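The sequence and structure come first.

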Amino acid sequence: QIAALPYRRCVGVVLANAEGRVFAGQRIDNPGPAWQMPQGGIDPGEKPKRAALRELGEETGIPPDAVEIVHRTRGWMAYDLPAEIVPRIWKGRYRGQVQRWYLMRFLGDDALINIKTDRPEFSQWAWMSPDELIGQIVPFKREIYRTVFAAFADRLT
């Protein structure tokens, strides 16, 4: 039954600083280690690039003029949620997400980052190496993060 559900269309942002470290936020709705990069759904009629910039702003407070889009994944990458989570997320309408990822270079100062947004998603944030972040993310997203970091490896530093 879950396998028949569609994927939610989504974007993700690898926000890299000058040292090649990436922005990671601890999810506010998870008491254990559940760090991730900014990501979110694409609104009806919205282009993925616009959605990526919007999600970045909504989750980090960073304005579009404080980033440079360096690259994006060529295609879409999908991941499935664990079966026990499906009924609790997105009202059970999706089996997982299909994502397009954008690599963005942060051009601003850390003082621009404000995770205390209108609808906060993160309780804290940090700059991490890709390997550090993979070790801190929920297990079902690890493989997609490895794939994303591999796609951007030559542009992260």
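The text below takes the pockets, then the strand pairing, then the helix.

This is a predicted model, in which local features need pLDDT of at least 70 and side-chain atom pairs count only at pLDDT 80 or more, while totals for chains, interfaces and linings use all residues. Residues are numbered from 1 along each chain as its sequence is written, and side-chain values use heavy atoms, with hydrogens and water left out.

**Pockets**

A pocket is an open set of points on a 1 Å grid over the protein atoms alone, where a 1.4 Å probe fits, with protein on both sides within 12 Å along at least five of seven lines; lining residues have an atom within 4 Å of a point. A volume is the space filled by probe spheres set on the points, which are joined across faces, edges and corners. The largest pocket holds about 700 Å³ of space. It is lined by 29 residues, and Arg27, Asp29, Ile89, Trp90 and Lys141 are the closest to its centre. Strand S1 (7-16), strand S4 (39-41) and helix H1 (48-60) each give two or more residues to this lining, and H1 gives the most, with 4 residues. Helices (H or I, at least four residues) and strands (E, at least two) are DSSP runs, numbered from the N terminus.

The second largest pocket has a volume of about 160 Å³. Its lining consists of Gly57, Glu58, Glu59, Thr117, Asp118, Arg119 and Glu121. By class, that is no nonpolar, 2 polar and 5 charged residues, against 10 nonpolar, 6 polar and 13 charged in the largest pocket. Here Ala, Val, Leu, Ile, Met, Phe, Trp, Tyr, Cys and Pro count as nonpolar, Asp, Glu, Lys and Arg as charged, and the others, Gly among them, as polar.

**Strand S7**

| Partner of S7 | Sense and bridges |
|---|---|
| S1 | parallel, 10 bridges |
| S5 (residues 67-72) | antiparallel, 5 bridges |
| S6 (residues 77-80) | antiparallel, 4 bridges |

Tyr7 stands opposite Gly96 in S7, Ile69 opposite Met104, and Met77 opposite Gln99.

**Helix H3**

Helix H3 (residues 142-152) has the buried residues Ile144, Tyr145, Val148, Phe149 and Phe152. Seen down the axis of H3, these fall within an arc of 135 degrees, so they line one face of the helix; the arc is that of the directions from the helix axis to the C-beta atoms. Glu143 and Ala150 are exposed on the face turned away from the buried side.

Note on methods
Buried means under 20% relative accessible area, exposed over 50%, partly exposed in between (1.4 Å probe, protein chains only). Two strands pair if DSSP finds at least two bridges between them.
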